[in-house]
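Here is my note for a first look at this entry. Please read the points with the structure open.

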Amino acid sequence: MSDGLASDLITPDAGASPLLNQNDLSILKASPLTRLSFRARETALNDAGTAFGVPLPVKPLSSETGDKRAALWMGPDEWTLLAPEDELQSVFEQMESGLGAHPHALVDISERSDAIILSGKKAVWLLNTGIFIDFSLEAFPVGTVARTVFHKSPVMVWRVAEETFVVEAWVSFMDYVSGLLVQSAQELEAA
Amino acid sequence: MLLVYCPYCGVSRPETEFSCRGEAHIARPADPSQTSDEDWVNFLYMRSNSKGVYVERWRHIHGCGRFFNAVRNTVSDEFLKFYKTGEPMPDLEELAKEAGK
């Protein structure tokens, strides 16, 4: 997946075998990332964007990507910031010093969730086995990010390319999410 | 399943992403120590629970996490209006009339 957004950030975990590998569908475990939860008021956004390296998106459900950075809109005052795993310390310190006196909350949530990369022609179909959201390109264009529910687990879905999605779930829920995806995909292949 | 519009995300999402938190626009007594027991009871437990057009607080808990208000017809389950927290309560009679057209 070299063509998608943040392809320098979201990479398949080289050490893990693919969860699913079919002709037009693959599910790969993503390598670990630095994830920061950032909450602040509007007045802090400019400084936060400068300190982080990419501007924080203010349009609902959108994302901004830059050189090894991604900022995802989670709510009107909440963002998830992504960076390479080994840059946690430096990004954190840069943000804290750049924000100065702005009231804000910056929390390291890197270990909270795992990500999988879902790609292929049937990716939308597969997601819709557990999510009631319209994933057509008009309603959910590339770059859109949304938190939602997959069957019974809260997940975050980020469209990084037309046929590629990053799906994040809490670590302890990931077996449930990826297991159900793999099972549904195998049933599709059998059908 | 109900489709609920989140005024913060600007999209309609399935009901499973939301939770309903009861009647909206119930103000907490401004001066609790001066409030009589009866007024506390009214604030804590008494709801209008009316049949027809009803104002509710909803939360987009599996999305942006925000609270917002919605006007719902409790008979037909049809939503008449969604608006952000802090915005004034709309004229319910007028909404009901418009919907009845």
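1. Start with strand E8 (residues 113-119) and strand E11 (residues 164-170) of chain A, which are joined by 7 bridges in the antiparallel sense. One pair to find is Ile116(A), whose bridge partner in E11(A) is Val167(A). Bear in mind that the model is predicted.

2. The whole sheet. E8 and E11 belong to an open sheet of 6 strands in chain A. The order is E1-E2-E8-E11-E10-E9, and the pairing is antiparallel. Strands of a sheet pair through backbone hydrogen bonds.

3. The edges. Which strands stand at the edges of the sheet? They are E1 (20-22) and E9 (145-150) of chain A. Each has a single partner strand, so one side of each lacks a neighbour in the sheet. From one strand to the next, the twist averages 25 degrees.

4. Two domains. Chain A splits into domain 1 (20-31 + 112-190) and domain 2 (33-108). Their C-alpha centres are 24 Å apart. Where they meet, domain 1 of chain A supplies 7 residues and domain 2 of chain A supplies 7 residues.

5. The domain 1 side. Which element gives the most to this side of the contact? It is E9(A), with 3 residues. E9 is also one of the edge strands of the sheet. By class, the domain 1 side that touches domain 2 has 3 nonpolar, 3 polar and 1 charged residues.

6. Contact between chains. Chain B brings 13 residues to the contact, and chain A brings 13 residues. On the chain B side that touches chain A, 5 residues are nonpolar, 5 are polar and 3 are charged.

Note on methods. Residues numbered from 1 in each chain as written. Chains lettered and ligands numbered in written order. Predicted model: local features only at pLDDT ≥ 70, side-chain atom pairs only at ≥ 80, totals over all residues. Pairing = 2+ DSSP bridges. Helix = DSSP H or I, 4+ residues; strand = E, 2+ residues; numbered from the N terminus. Axes fitted to C-alpha atoms, helices over the stretch in contact; angles between N-to-C directions. Contact = placed C-beta atoms within 7 Å. Nonpolar A, V, L, I, M, F, W, Y, C, P; charged D, E, K, R; others polar. Domains from an automatic or database assignment.
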